[in-house]
Amino acid sequence: MTGGVAPAPPAMPLPLVLYDGTCGLCDGFVQWLLRRDRAGVLRFAPLDGPTAAVVRARHPEIAGVDSVVRVDAAGAHVRSEAALRTVSALGGGWRLVALARVVPRGLRDAAYDVVARTRHRWFGRRVACRVPSAAERERFIDA
């Protein structure tokens, strides 16, 4: 290091979706997004990977969060807000999902939390993250 100036951290591809790669529901959500994101705007990384560690360092408010996390130019979003922003990013008619924001966040997050608490029981748990196909690999940061 010269002059006492630390190098700038690498640019994070945005929007970025962090997910629990061992959760059946979360993996299903990512697969659903991949099929519908025809423009290829979303990028993905597992919550337990190095990219998520960098995101947590940049956004300490999400430390310990066990939820889908969406990182975009406006910041890091969790729970129902992350899901709504992510689905809305698909464009087209999917932007109408943003209308769910009329429901108070507390109610949305309460419903999200019910599913989150039981997701492994209802949808199963994977031993490891699914390996993306060659065509999908560029969309996954820590693949």
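Start by selecting helix H3, residues 79-88: 7 of its 10 residues are buried, so the helix is largely enclosed by the rest of the structure. Here, buried means under 20% relative accessible area, exposed means over 50%, and partly exposed is in between (1.4 Å probe, protein chains only). Helices (H or I, at least four residues) and strands (E, at least two) are DSSP runs, numbered from the N terminus. Colour the buried residues of H3: Ser-80, Glu-81, Ala-82, Leu-84, Thr-86, Val-87 and Ser-88.

Before going further, a word on what you have open. This is a predicted model, where local features need pLDDT of at least 70, side-chain atom pairs count only at pLDDT 80 or more, and totals for chains, interfaces and linings use all residues. Residues are numbered from 1 along each chain as its sequence is written, and side-chain values use heavy atoms, with hydrogens and water left out.

**Stop 1**

Click on Asp-109, in helix H4 (residues 105-123). Is Asp-109 buried or exposed? Its relative accessibility is 10%, so Asp-109 counts as buried. Now show side chains: that of Asp-109 makes a polar contact with the side chain of Ser-80, at 2.5 Å. A polar contact is a pair of N or O atoms within 3.5 Å; within protein, one must be able to donate a hydrogen and the other to accept it, and residues adjacent in sequence count only if both atoms are side-chain atoms. Setting aside neighbours within four places in sequence, Asp-109 is in contact (heavy atoms within 4.5 Å) with Arg-79, Ser-80 and Glu-81.

**Stop 2: the strands**

Select strand E1, residues 16-19. Both of its faces are covered: Leu-16 and Leu-18 are buried on one side, Val-17 and Tyr-19 on the other. In a regular strand the side chains alternate between the two faces of the sheet.

Which strands sit beside E1? Strand E2 (residues 43-46) runs parallel to E1, joined by 4 bridges, and strand E3 (residues 69-72) runs antiparallel to E1, joined by 3 bridges. Two strands pair if DSSP finds at least two bridges between them.

Carry on to strand E4, residues 75-78: E3 and E4 pair in the antiparallel sense over 4 bridges. They form a hairpin with 2 residues between them.

Stay on E3 and pick Arg-70. Arg-70 has a relative accessible area of 8%, so this residue is buried. A polar atom of its side chain lies 3.3 Å from the backbone oxygen of Arg-85.

**Stop 3: helix H1**

H1 has 13 residues and reaches 18 Å from its first C-alpha to its last, close to the 18 Å expected at 1.5 Å a residue; the expected span is 1.5 Å times one less than the number of residues. Among its buried residues are Cys-26, Val-30 and Leu-34.

**Stop 4: Thr-51**

Jump to Thr-51 in helix H2, residues 50-58. At 8% relative accessibility, Thr-51 counts as buried. Thr-51 and Met-12 are 39 residues apart in sequence and 8.6 Å apart in space, C-alpha to C-alpha.

**Last stop: confidence**

Colour by pLDDT, the predictor's confidence in each residue, from 0 to 100. The chain's mean is 83, and 83% of its residues reach 70 or more. Over residues 1-9 the pLDDT is below 50. Where pLDDT is low, the predicted coordinates should not be read in detail.
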